[in-house]
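Opening the notebook on a new model today.

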Amino acid sequence: MISVAVVGIEGSGKTVLATMLAKRYCERRAGAPFFEAMSINTVRLVEKCWGTLQNREWPPSTPIGEMSALHWRVHFSDSQVCDLKMIDAAGQDLRQLFGEQRINDFDALPQHLKNLADCICNANIVLLLVNLGDICGVPDSLRRQENEFAAKFIIEYLQAKRTANPPRICLVLTQRDLHRGIFRQFTDERQLVRHHLPSLFTAHFASGEVGVLSVSAVANTDIELGEGQRIRRVPAVPVQSQGLSKLISWLQEAVNRQPPAAQVQTEIPVQDTFWTRMRSHVGTYLAMSVCIGVFTYAKAKPPKPAWPRLPPVTRPVPQFVTQHSIGRSGVLDDSVTSYGTVQNKGAAGKIRVISQVVEDGVVKDRKFQDLILNPMEVGRFEIELPGIENLKHKFEVTNEAVVP
Ligand SMILES: Nc1nc2c(ncn2[C@@H]2O[C@H](COP(=O)(O)OP(=O)(O)OP(=O)(O)O)[C@@H](O)[C@H]2O)c(=O)[nH]1
Ligand SMILES: [Mg+2]
């Protein structure tokens, strides 16, 4: 069994890419690779995300604490077949582990981060996804450097940890369709990385050991007016990808380089040619799941998932975007307005921003504003507290998640 970890910070495109890979190669065609789904969970996850894209929507951000294991038997050719397990986790968890370097203090990690770290550290192949928008399109230079650092540290950590049997790593630049202008300026991806990710390049790309590719999992998008007349891009139907065949070739070569023991197919309970053919038709999967269910029940041996699926964290997690934007916007007569922005780093939900005036430790006045935010969405708050004798009092702004 070959394990592939798809890593990258939130929004780098892990879920969309995994879905498009599975869909692009879901049919057996002569001379083309074929991804044969090996678990009903794989079918469900892929179909759910595919359905969302077909409806011209993007899949939601993977919630903190959630990790999906997708399992395929990949037929690169008639003679090369291997079992491949791919994990897709929440980018925010990956940022915690590698961007914030919490993996350095493994024992102090919560269990879901320990599980995730184990999966990544044991993976044979690592696809490190970087959205150029997180590098070139971020005006905040610190944030940009943090994003680059997270990518660099993942490579460094894995190479240091696995000196005996290092994983094959490929940097995959995603959402190429949105950055065509930038790509046009360079002869190839390596030159682009040298220019835009200089510290990553110097540390890991000069030797050529780490691969680099670019893809557009969804190559065409339409512009629509969303909520509040905001312009947004949605997938254009039919949904098409670019750059996947190069990624598959790289994957095949990386699999070839694995020790023979890792490439062995694993046994599955139901396996004859009729069912194998059935599995390639998505419409028959539900029937298939019933059969597997009956089979496993009869054997009284429930299949043991290799990687645990953890319950998603359902709370929103508020975080002020910039501390200095919080405070008095000015004092008009005897009122004080606090303003600023807060980001939801957790699951979708309500975040309450509270503004209060404190005198000698006693709260004299208090007002709040509720913001309903999607994961990673940034909301603006503006809270006016009238009747305050300005500047005499201590002025506090806090926030909390509102649990329904
Ligand atoms: N134009 C374009 N946008 C893309 C593409 N892939 C992803 N996106 C955009 O990037 C967003 C994030 O994609 P996801 O696949 O959900 O990213 P992720 O890495 O799984 O993010 P988390 O689950 O938060 O870790 C999508 O909602 C789209 O807006 C692509 O190929 N082209
Ligand atoms: Mg995701």
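**Confidence, then the core**

I checked pLDDT before anything else, since this is a predicted model. I looked at residues 308-312 and found pLDDT under 50 there, with eleven contacts beyond four places in sequence. Residues 268-306 also stay under 50, and for them the model has 29 such contacts. Where pLDDT is low, the predicted coordinates should not be read in detail, so I left it at that.

Next I went to strand β1. Is it enclosed or open to the outside? Six of the six residues in β1 (residues 2-7) are buried, so the strand is largely enclosed by the rest of the structure.

Then I looked up the partners of β1. Strand β4 (residues 81-89) pairs with it in parallel over five bridges, and Val4 stands opposite Met86. Strand β5 (residues 125-131) also runs parallel to β1, joined by four bridges; there Val6 has Leu127 as its bridge partner.

Last, the nonpolar core. The largest has 77 residues, and Val4, Ala5, Val6, Val7, Leu17, Val126 and Leu128 touch the most other members. Beyond its neighbours within four places in sequence, Val126 contacts Ala5, Val7, Leu158, Pro167 and Ile169. I also noted a second, separate core of six residues, including Val342, Ile351, Leu371 and Phe381.

Methods. Residues numbered from 1 in each chain as written. Chains lettered and ligands numbered in written order. Predicted model: local features only at pLDDT ≥ 70, side-chain atom pairs only at ≥ 80, totals over all residues. pLDDT = per-residue confidence, 0-100. Contact = placed C-beta atoms within 7 Å. Buried ≥ 20, exposed ≤ 12 C-beta atoms within 10 Å, placed from the backbone. Helix = DSSP H or I, 4+ residues; strand = E, 2+ residues; numbered from the N terminus. Pairing = 2+ DSSP bridges. Core = buried A, V, L, I, M, F, W, Y, C linked by C-beta atoms within 7 Å.
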